[in-house]
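Subject: Structure handover

Hello,

Here is the structure we discussed, with the sequence. My notes on the pockets and on one helix pair follow below it.

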Amino acid sequence: LGDVYKRQERFLPAGDMPERIAAYCRETSQSVPETPGEFVRTCLESLALLYQRTLQNLAKLGSTRIERLHVLGGGSQNDLLNQFTADACGVRVLAGPVEATALGNVLVQAITAGDIPSLAEGRAVLGRSVELREFHPGEASGWTQAQERFDKLKAD
């Protein structure tokens, strides 16, 4: 697993990301994206597959099946990523709020100041105050095949 993470460290620093993605695809005998749309799709599909792998690992740790994934912050604005995630993971995805960190901070301050009596009530207030978007899983067969190829990269 160490070699996999070492190969993926190249994606952390700022720089020419399309060239890094293309080089990684060449090194791992994958088709190389050529257009901006192909690069974006490669990134979004890879993220969805990483979410799927993470949910599978979490499922191994617990006895409860994960039936929904809540996406917060900036990523919640990307409808295509959220739909890919629902499809790849086979779970319902709830997207939003975008400003989850700021809202959580306000909630904690309101509880501390006594304006909201409890965390449960604070969550209820937030639930009435923000609109979440839902994404439901669709066709999974293509994602199953993609996950098999993705897992093979991990094993190489």
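A pocket here is an open set of grid points with protein on both sides within 12 Å along at least five of seven lines, and its lining residues are those with an atom within 4 Å of a point. Please keep in mind that the model is predicted.

The largest pocket has a volume of about 830 Å³. Its lining is made up of 27 residues, and those nearest the centre are Q30, T42, C43, S46 and F150. Two or more lining residues come from each of α1 (2-8), α2 (17-27), α3 (36-61) and α7 (141-155). The biggest share is from α3, with ten residues. By class, the lining of the largest pocket has 16 nonpolar, five polar and six charged residues.

The second largest pocket holds about 290 Å³ of space. Of the 13 residues that line it, H70, L72, P97, R123 and L126 lie nearest its centre. Both α5 (100-113) and α6 (119-129) supply at least two residues of this lining, which divides into nine nonpolar, three polar and one charged.

The helix pair is α2 and α3. Their axes come within 11 Å and cross at roughly 70 degrees, so α2 is roughly perpendicular to α3. The crossing is left-handed. On the α2 side the contact involves P18, I21 and A22, which meet F39, T42 and C43 of α3. In this contact five residues are nonpolar, one is polar and none is charged. T42 and C43 are also among the residues nearest the centre of the largest pocket.

Regards

How values were computed
Residues numbered from 1 in each chain as written. Predicted model: local features only at pLDDT ≥ 70, side-chain atom pairs only at ≥ 80, totals over all residues. Heavy atoms only, no water. 1 Å grid on protein atoms, 1.4 Å probe; cavity = no way out; pocket = protein on both sides within 12 Å on 5 of 7 lines; lining within 4 Å. Points joined across faces, edges and corners; volume = space filled by probe spheres on them. Helix = DSSP H or I, 4+ residues; strand = E, 2+ residues; numbered from the N terminus. Nonpolar A, V, L, I, M, F, W, Y, C, P; charged D, E, K, R; others polar. Axes fitted to C-alpha atoms, helices over the stretch in contact; angles between N-to-C directions. Parallel < 35°, antiparallel > 145°, perpendicular 65-115°, else oblique. Left-handed = near helix turned anticlockwise from the far one by under 90°. Contact = heavy atoms within 4.5 Å.
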